[in-house]
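Hi everyone, thanks for coming. I'd like to walk you through one structure today, so let me put it on the screen.

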Amino acid sequence: MSMTTPSIASQTPRAEWGRVRPARRTADKAMKLIATGFTFLAIFVLFWILGMLIVKGVGGLSLATFTQVTPGPGSEGGGLANAIVGSIVLTFLGIAVATPIGVLAGTYLAEYGKGSQLANLIRFINDILLSAPSILIGLFVYVILVEPFRGYSGWAGGVALGIIAIPVIVRTTEDMLRLVPGPLREAGAALGAPPSVVITSVTWRAAKSGMVTGILLALARIAGETAPLIFTALNNNFWFSPTLSGGVSNLPVTIYQFASAPYENWQQLAWAGSLIITVSILLLSLIARRIVRGSK
């Protein structure tokens, strides 16, 4: 008569496994419920904010909002034309400052620096700038560009916004260039092209969609910044001068000032300006996502 040794699984009491498995199922269901509940809570808050912006902001939108300058204290009517144009100028000035620096710095980290100590130091500083409060950057630019020249200017505001946008472009550019397959670089080098030509003709072309997406995300990041502009470009109720000297009207600071004012038309314009900025950032984000999907 042959004797068979029972397996380990058969030796394990079924009652003990039966006690553990329901507890695991309960914990799993509880975790799913908690995660789902907080997800719907975040979505509810988001749509609540968007709904409030739409309800209160649409009432302030009119042709005058886009054609007339901001009104003075106690005056009726007015619009946000000078603030909208000023925000566009400051935002694109900031991107013009940040794009070449960010792209070249990200290229160095991905192509030349890689694991060097200098590259690690640059990445560390970039991470600090990425999470630094924007008001500190505004104070920094105030000390180096506003106080020495004894006056606010659009140039100082553009530099402040550019400093905020640089870390986003650096990180995105480095990540996109690292995704480019190595054989593409090797093929360019095999044809006798120097590294600079390989980078500009091969790797940049392969990663251009992701790099453009990073620039658009940086543009959306700085479009609604208020704190750095308070210390640099400030604000006014008129059109800015061609030299960008003096205060330059812009939407973020205008919204901040109008929302805290006791005048009803100012508050209405503040809601309209908030809706304009929100829709602009949403469109930029959608364009960036579209570019990424197109590249994939």
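Which residues of helix H5 are buried? They are Ala119, Arg123 and Asn126. Before I go on, please keep in mind that this is a predicted model.

Let's stay with H5 for a moment. As for what covers the buried residues of H5, H4 and H7 are included.

Here's a geometry check for H5, which runs over residues 117–131. At 1.5 Å a residue, its 15 residues should span 21 Å, and the C-alpha atoms at its ends are 22 Å apart, so the two agree.

Now to the nonpolar cores. The largest one has 35 residues, and the members touching the most others are Leu90, Ile95, Val141, Ala165, Ala218, Ile222 and Leu229. Which helices each supply at least two residues of this core? Those are H4 (81–113), H6 (134–146), H7 (154–178), H10 (208–223) and H13 (264–295). H7 gives the largest share, with 11 residues.

Setting aside neighbours within four places in sequence, Leu229 is in contact with Leu90, Gly157, Leu161, Leu234, Asn250, Pro252 and Val253.

Apart from this core there is another, made of 12 residues, including Ala83, Ile84, Phe258 and Ile277.

That's my tour, and I'm happy to take questions.

Definitions and conventions
Residues numbered from 1 in each chain as written. Predicted model: local features only at pLDDT ≥ 70, side-chain atom pairs only at ≥ 80, totals over all residues. Heavy atoms only, no water. Core = buried A, V, L, I, M, F, W, Y, C linked by side-chain atoms within 4.5 Å. Buried < 20%, exposed > 50% of the residue type's maximum accessible area, 1.4 Å probe, protein only. Helix = DSSP H or I, 4+ residues; strand = E, 2+ residues; numbered from the N terminus. Contact = heavy atoms within 4.5 Å. Expected span 1.5 Å × (residues − 1).
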